[in-house]
Amino acid sequence: MHIGLVGLGKMGANMRDRLRKSGVEVTGYDRNPGVSDVPSLEALVQALPADQRVVWVMVPSGPITRGVVDELAGLLSGGDILIDGGNSYYKDDLVHAEVLSARGIRYLDVGVSGGVWGLLNGYGLMVGGDTESVETLMPVFDALRPEGPRDEGFVHAGSVGAGHFAKMVHNGIEYGLMQAYAEGYELLSAKDIVTDVPGTLKAWTRGTVVRSWLLDLLVKALEADPKLGSVDDFVEDSGEGRWTVDEAIESAVPLPVISAALFARFASRQEPSPAMQAVAALRQQFGGHAVRSSGVTPPPAGVGEPAGSEG
């Protein structure tokens, strides 16, 4: 199988490598010519098999994704398939699908989790769209997902939008989990009675009910920097947490943990917090997200738009 991949950043480049290692031919395009296989989107489309072109888009959500989708709509043909694998808002998927459907182009939205570790461990995939297109692309999904039973790393979640809605909720849960670990870390650190905080957390990584990959990553961060002295406690939010809370309000579903975790990130931009240093360190560990060096003065709270993406 041969697909096109647009966006060769932290995740896109690793996905290209993992697909190629599994025997899927990939032609990649990126605005950075140093990593791109072709010079333009037009050249990317021309390089793909004419009978059915498949293009997977991995660029930042919002205007950039919309721009790429609009340009590809003018380059692809009826029967081709476009996949948005970024962290787009699920309501944007409905718009993209409508625009492409008018040209006979099929559309799938795929929530992708795995961050910078996906190349080695595989990616959790949540897919929205029609069954026929999903079945056509199962060789691609199987190459990207973790080894083991398919249903433990892949789901056809529903119709268009379902993949990104599932990923949005996934990332909202991630906010709450990280915040809980971070608060536990701060409380352990606040009392002199516990003299080995990193060791205590590491002892939880096997056999306990709170063991998880996120806990493993927190231990990894603390082993490299036991006081997290190189990490500022200013924590970004990438948008999915806000969308999750917005959807909860619209559906009258109480989300006290996820909401509090989101608001804690806002608070991190106002006062120093060891817990938020831990959250920042976790984001760096699983997603390669940039962190502020300790001592850097952050901008005023509320300044700027959500940036980047969670895992």
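Analyst: Leaving aside residues up to four places away in sequence, V279 touches M178, Q179, A182, V235 and R265, where contact means heavy atoms within 4.5 Å. Please keep in mind that this is a predicted model, in which local features need pLDDT of at least 70, side-chain atom pairs count only at pLDDT 80 or more, and totals for chains, interfaces and linings use all residues. Residues are numbered from 1 along each chain as its sequence is written, and side-chain values use heavy atoms, with hydrogens and water left out.

V279 sits in helix α13, residues 274-287; helices are DSSP runs (H or I, at least four residues) and strands are too (E, at least two), numbered from the N terminus. With a relative accessibility of 1%, V279 is classed as buried, because that label means under 20% relative accessible area, with exposed being over 50% and partly exposed in between (1.4 Å probe, protein chains only). Between the C-alpha atoms of V279 and G241 there are 14 Å, and the two residues are 38 apart along the chain.

Now for the cores: a nonpolar core is a set of buried Ala, Val, Leu, Ile, Met, Phe, Trp, Tyr and Cys residues joined through side-chain atoms within 4.5 Å. In the largest one, which has 28 residues, W56 and F141 touch the most other members. Helix α7 gives the most to this core, with five residues. Apart from it lies another core of 26 residues, including V197, A221, V235 and A280. V235, as it happens, is also one of the residues that V279 touches.
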